[in-house]
Amino acid sequence: MGASPSTYKISHRHRWTPTSMQLQILESIYEEGSGTPKPQRIEEITLELSQHGQVMDKNVYNWFQNRRARSKRKQPQAMTTTTVQTVDAVAATEERSYGDSGGFVSYDHILFPSTDF
């Protein structure tokens, strides 16, 4: 009467894993252009990649979307490193300009003007 658990099959989505050759092709195309290619170009890329393994248009589209996102995530880290280096360089310059004063500038001449006129 009741259906046994083996009667119902759960369909699993298969994740596309590009071959090393497909990755090389995708990376070289990504380096040439900027962003995600137009649908016609995605079809052309899919056709080229299919010679090296199974692939669908949506796999190619998603790969470019994900690659661009990874690239953008890495960019702020690179800028942060550059900013830290710039701040360090400015601090080193200020240290040299203040000499042994430890970075402090004396404002005594402003607060307590000389009475020697």
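Predicted model: local features only at pLDDT ≥ 70, side-chain atom pairs only at ≥ 80, totals over all residues.

Modeller: Residues are numbered from 1 along each chain as its sequence is written, and side-chain values use heavy atoms, with hydrogens and water left out.

Colleague: What makes up the pattern of the protein along the sequence?

Modeller: The pattern reads α-α-α-α, with 4 helices and 0 strands; helices (H or I, at least four residues) and strands (E, at least two) are DSSP runs, numbered from the N terminus.

Colleague: Why is R67 called buried?

Modeller: Buried means under 20% relative accessible area, with exposed over 50% and partly exposed in between (1.4 Å probe, protein chains only). R67 has a relative accessible area of 16%, so R67 counts as buried. R67 lies in helix α3 and, leaving aside neighbours within four places in sequence, is in contact (heavy atoms within 4.5 Å) with E27, Y30 and E31.

Colleague: Why is the pair of Y30 and F64 called tilted?

Modeller: Rings of Phe, Tyr and Trp (its six-membered ring) pair if their centres lie within 6.5 Å, and planes under 30 degrees apart count as stacked, over 60 as edge-to-face and the rest as tilted. The structure holds 3 aromatic pairs. For Y30 and F64 the centres are 6.5 Å apart and the planes stand at 35 degrees, so the pair falls into the tilted class. Y30 lies in helix α1 (residues 20–32) and F64 in helix α3 (residues 57–98), so this pair ties together parts that are 34 residues apart in sequence.

Colleague: What makes the pair of W63 and F64 edge-to-face?

Modeller: The ring centres of W63 and F64 are 5.1 Å apart and their planes are at 85 degrees, so this pair is edge-to-face. Y30, W63 and F64 form one aromatic cluster.

Colleague: Which residues make up the largest nonpolar core?

Modeller: This core has 12 residues in all, among them Y30, W63 and F64. A nonpolar core is a set of buried Ala, Val, Leu, Ile, Met, Phe, Trp, Tyr and Cys residues joined through side-chain atoms within 4.5 Å. Helices α1, α2 (39–49) and α3 each supply at least two residues of this core, and α1 gives the most, with 4 residues.
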